[in-house]
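Here are some friendly notes to read alongside the model. Have the viewer open and follow the points in order.

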Amino acid sequence: MTPALTPTVTADVTVLEMRGDTSLVQRVAGAQTLLRREFPLGVDSLVRQSLRHEPPRPIELEHAIELTEEAVMPLAAQFAGSSALTLQGLGASLIASSLKTSGIAQTALTLDEVEALFNRLVSVGEGRPASQETLPTDARFFAVMLMLREFMHHLHFAQVTLQAAKE
């Protein structure tokens with residue numbers, strides 16, 4: 001008598017790869033890509049379109065949020081509800097490097113933690129002295145945090161795992 005085979009269940013994961021001019025979002029299960037979409041917003045393109053000062057001004061952040069929502073909202077029907085979110089590429093590298101510099105060794109962030117980091121950046125943009133924060137205040141870091149925040153909010157992810165490239 002042969003033992004019953006137990007099927008292997010592989011978690012459904014959404015992978016967001018922030019690039020310079022575009023970003024890629026994929027829903028994967030194990031080694032199989034279930035869905036793949038490129039969207040026309042990347043870290044550098046958002047900086048060029050909206051974030052002209054360092055730190056960015058509040059009106060620039062509002063414009064960047066609008067652009068990000070326009071790019072992310074069409075993805076909601078296809079990607080919302082996945083059990084896990086992984087961030088790769090330029091975005092993951094910038095966040096991981098910044099957290100490491102700040103003495104934080106986390107590789108996963110909850111939506112509340114992303115929101116808190118973003119709010120700290122916004123306060124610098126509103127005039128809080130940058131020296132009071134241990135986060136970078138350059139436009140690229142603002143763009144990454146803003147894009148991640150909007151992606152998590154609109155696609156209903158509670159946590160993100162950072163998968164930065166090995167140095």
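1. Start at Leu148: setting aside neighbours within four places in sequence, Leu148 is in contact (heavy atoms within 4.5 Å) with Met18, Leu85, Leu87, Ile95, Val114 and Val160. This is a predicted model, where local features need pLDDT of at least 70 and side-chain atom pairs pLDDT 80 or more, while totals for chains, interfaces and linings use all residues. Residues are numbered from 1 along each chain as its sequence is written, and side-chain values use heavy atoms, without hydrogens and water.

2. How do α4 and α6 cross? The axes of α4 (residues 89-101) and α6 come within 10 Å and cross at roughly 110 degrees. That makes α4 roughly perpendicular (65 to 115 degrees) to α6. Here Leu90, Gly91, Leu94, Ile95 and Ser98 of α4 meet Arg140, Phe141, Val144, Met145 and Leu148 of α6.

3. Now look at α2 (residues 58-72), whose axis comes within 10 Å of that of α6 (residues 139-155), with a crossing of roughly 45 degrees. The α2 side of the contact includes Leu61, Ala64 and Ile65, and the α6 side includes Phe142, Leu146 and Phe151.

Conventions
Axes fitted to C-alpha atoms, helices over the stretch in contact; angles between N-to-C directions. Helix = DSSP H or I, 4+ residues; strand = E, 2+ residues; numbered from the N terminus. Parallel < 35°, antiparallel > 145°, perpendicular 65-115°, else oblique.
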